[in-house]
Amino acid sequence: MGIRVFLLLLLFFCTSYPTFSLHEDQVGLMDWHQQYIGKVKHAVFHTQKAARKRVIVSTEENVVASLDLRHGEIFWRHVLGPNDVIDQIDIALGKYVITLSSGGSVVRAWNLPDGQMVWESTLLGSKSSRPLLLIPKNLKVDKDDVIFVYGNGFIYAVASIDGEVIWKKELASEGIDVQQLILPEGSDTIYAVGLLGSSRFDVYQLDVKSGELLKHNSMFFPAGFSGDLSFVSEGMAMAVDFTETILVSVLFRDGQISFHKTHVSQLIPGFSGPAVTLPSKIPGTFILKTGSSVHFIKVINEGKLIVVGQVGHTDAVSDALSLPEDQQGFALVQQGDGKIFLTVKLGDDWTTNLIDDTVQMDHQRGLVHKVFLNTYVRTDRSNGFRVLIVMEDDSLLLLQQGEIVWSREDGLASIIDVKASELPVEKDGVSVAKVEHSLFEWLKGHLLKLKGTLMIATPDDVVAIQKIRLQSSEKSKMTRDRNGFRKLLIVLTRSGKLFALHTGDGRIVWSLLLNSLRKSETCENPRGVSLHQWQDPHHHALDENPSVLVVGRCGQGLDSAGVFSIVDTYTGKESYHVGPTHSIAHVIPLPFTDSREQRLHLLLDANRQGHLYPRTAEALDIFQHDLGNVYWYSAETDNGVLRGHGVQKNSVLEVADDYCFGTRDLWSIVFPSESEKIAATATTSSNEVVHTQAKVTADQEVMYKYISKNLLFLATVSPKAVGPIGSVTPDESSLVVYVIDTVTGRILHRMTHHGSQGPVNAVFSENWIVYHYFNLRAHRYEMSVIEIYDQARAENKDVLKLVFGAHNLTSPVTAYSRPEVFTKSQSYFFTHSLKTIAVTLTAKGITSKQILLGTIGDQVLALDKRFLDPRRTVNPTQAEKEEGIIPLTDSIPIIPQSYVTHALKVEALRGIVTVPAKLESTTLVFAYGVDLFFTRLAPSRTYDSLTEDFSYALLLLTIVGLIVAIFVTWVWSEKKDLQDKWR
């Protein structure tokens, strides 16, 4: 009887353990999600007493969002398409957000409280023009009350209630550049003011109700204008003449136009030119830039000019803000010595400062780029001011009462490259007290978990269990863990700033605004290009910190001067930088390292010269030893040419440079321009590990993968099919894919998909390629797979030879000999359009692969590679089923549980990066766009580790119980044997 009771209790413990799963407290243990908006370019405050105080912003990432003024959190946001650039925003009727986008082609109204779209209106036109938005001050909710839009050469009157176009009038038929719409308060006439060419000033007067042209006045200015007009009032504009030395006051009132000229030298002593007007919305005042100074010039008495102030060219000025008693104020922000000096001045009184604050500012944020001013009423009924500031690193800050109320790192919305870096090794040596404390906490934690398992935990115990789970995960520690889950993600943003993100919780460990990627006299238009692993110390070199190479250019073209920096990934400090120097058209990370484990890099300039870094004698010796084995390719998309290159001896320069090498063309493939245009390329990852070259099939035969780091996948489409889907008929379109050896230029495989077009997204891993495209005949997306096998080793099919080593698996594979390969391929229908595609990577390459698909819905879908096996058949044999081959279907199923991002979105998804962990079963996944998302994946489940919430206490209790049961049963058995003998 006792044995039965014990076995029943043991069965209860064993069955109750798997049912203990608190899903709520596991949220955030393995993944994190961060939302951003990007660099703000427009901002409108909404601070009515009856509503929550907020600011409406639009950004360079085409995001319109509502932010909480108290904490900077996002109330709501909408991410528009990549081509739907937001031109202007404003608030109408106190409850609608009006956005103008796509060059004045689309105007939308959004509900202010919740961001729901109220209406959308598409404004068609044939000519591109400057987009303008005008919302009348006395606008009402009425069909007859309209907002005015200028775009595509037309001026439109759009009903504020439903977005219907009431009337439109073409103005750009003669080529006029309309620069301002003016609607005087209480007037029934709207004015459109602009320039025709560079010498004619035009004013159109239209009826507000009907759009009828009432009057058109124009006047020539023989000297010509330079730049845009700066409007200082409803009837006056300022401009600079063609010589950029004379200011021109343009008066346009009552149908009369007149010009008044003033030499800049009369206002600014020592002026030598040129002069440029800057955009400004300060009534009665305009801003003039001369050299390194910015001047505020007030207009009085019909064209008389007075300089009222002067600041440096790096200072920022806000637009004018209406204040009580019909006054206008504006904010001026100046910088120096790590501080921001904020001043709010009256528009008609430069000498009066309404506020004068000094705020400490992190120098890593750079210069102030934009300023937006807002006012509020203090408790003493006086006016207070808050200022929204956009910094050089794209961050957003709110200043109020001399302090930074909140800040947002919205530069992370524009990541252009990502690299992973290891964390420092944990130091040895732990005190006895700490060990005793840790042991006590360990016992306490497992006792609580045991109570939870037995379902006798109180609510306080459940809270304690959740807290212990978060603490015991140690995910946010700044040291390496044995599984390799804790790492640093080094990301480079468009602003030229580096961030180190901790994979545990996504926090920013350090940030660095690189001096080499900041605007300067020697580098006018810097931009980051890429990140590369520079130093990754192992074993004997652990005293060295890992570092990354940051590459940039001083312009958009490949021939622009190059800059690069080396940054320590532990400290975030720049250890070395060069530039501006030779152009950097391409960076080739070489498979060689020196004694300090610095990786060698070959930087190619626009003249096809290769520059070796690091510039040391040791690196030079290593490179020259393997000079003949360095190859690369270049794809000229516009010309349809693919070329292979190699390195030759040192190049001949005016100044001798031992670290500069010439290059030579080895081969070229010219695709016929009338039938093929390069659409996409893909290569294998340089750090991918292949566990085995052999693949054992269900019939016990061995297929040998053709593994080569020199293979290139290339896809071409018909020139007519380059446009959007549906722009060409199936008979006019075709997709051709190639597998090319980049050392010799041999085409190993070629296949044509008739009636198909791009966009093409492809990923290359081991010996297989998966690519995604659109099938015009089936009106569906397709995914195809190509697997490449080595025919030269086909005679070694016996699996026993593989087991006992009687094969040629270890013989070297060389690209110099003509490879004998065969391929297997298959195509499947797929539901979604894709933005990007990636593949999981693991430490040893043993774990099954998953293909990570960035869908058009901005989510990441993990697809098992088995669904894209070209050997799938309709009725697989029993042996094939045991091998894992899935029955063939015409389409790939989408399992909802396979979404890596769950119900979350990575808005404007641009890339997916996978990093292997030390634990073979696990890979780390980082997806970035406007948002960031990180998680851990186990494609074959965690077969090599226990879960983090595994109950060791229950396991120990079970083992003790089994030992006790064995002892008890042994005692009972001995007693029973003794009783039987006495009988």
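In strand 9, which residue is the bridge partner of Arg108?

Modeller: The bridge partner of Arg108 in strand 9 is Glu120. Before going further, please keep in mind that this is a predicted model, in which local features need pLDDT of at least 70 and side-chain atom pairs count only at pLDDT 80 or more, whereas totals for chains, interfaces and linings use all residues. Residues are numbered from 1 along each chain as its sequence is written, and side-chain values use heavy atoms, with hydrogens and water left out.

Strand 8 covers residues 106-111, and strands here are DSSP runs of E with at least two residues, just as helices are runs of H or I with at least four, both numbered from the N terminus. Strand 8 and strand 9, the latter made of residues 117-122, run antiparallel and are joined by five bridges; two strands are said to pair if DSSP finds at least two bridges between them. Five residues lie between these strands in their hairpin, where Gly115 takes a positive phi near 80°.

Strand 8 also pairs with strand 7 (residues 96-101), again in the antiparallel sense, over six bridges. One of the residues involved is Ile98, whose bridge partner in strand 8 is Ala109. Strand 7 and strand 8 form a hairpin as well, with four residues between them, and Ser102 in that turn has a positive phi of about 60°.

Strand 8 is mostly covered, since five of its six residues are buried, a word that means under 20% relative accessible area, with exposed meaning over 50% and partly exposed lying in between (1.4 Å probe, protein chains only).

For another part of the model, consider the one disulfide that the structure holds, a disulfide being a pair of cysteine sulfur atoms within 2.5 Å. Cys523 and Cys554 form this link, with their sulfur atoms 2.0 Å apart. The pair connects distant parts of the chain, 31 residues apart, with Cys523 in the loop between strand 38 (508-513) and strand 39 (527-535), and Cys554 in the loop between strand 40 (547-553) and strand 41 (561-568). The disulfide is left-handed because the torsion about its S-S bond is about -110°. Cys523 counts as buried because its relative accessibility is 3%, and Cys554, with a relative accessible area of 15%, is buried too.
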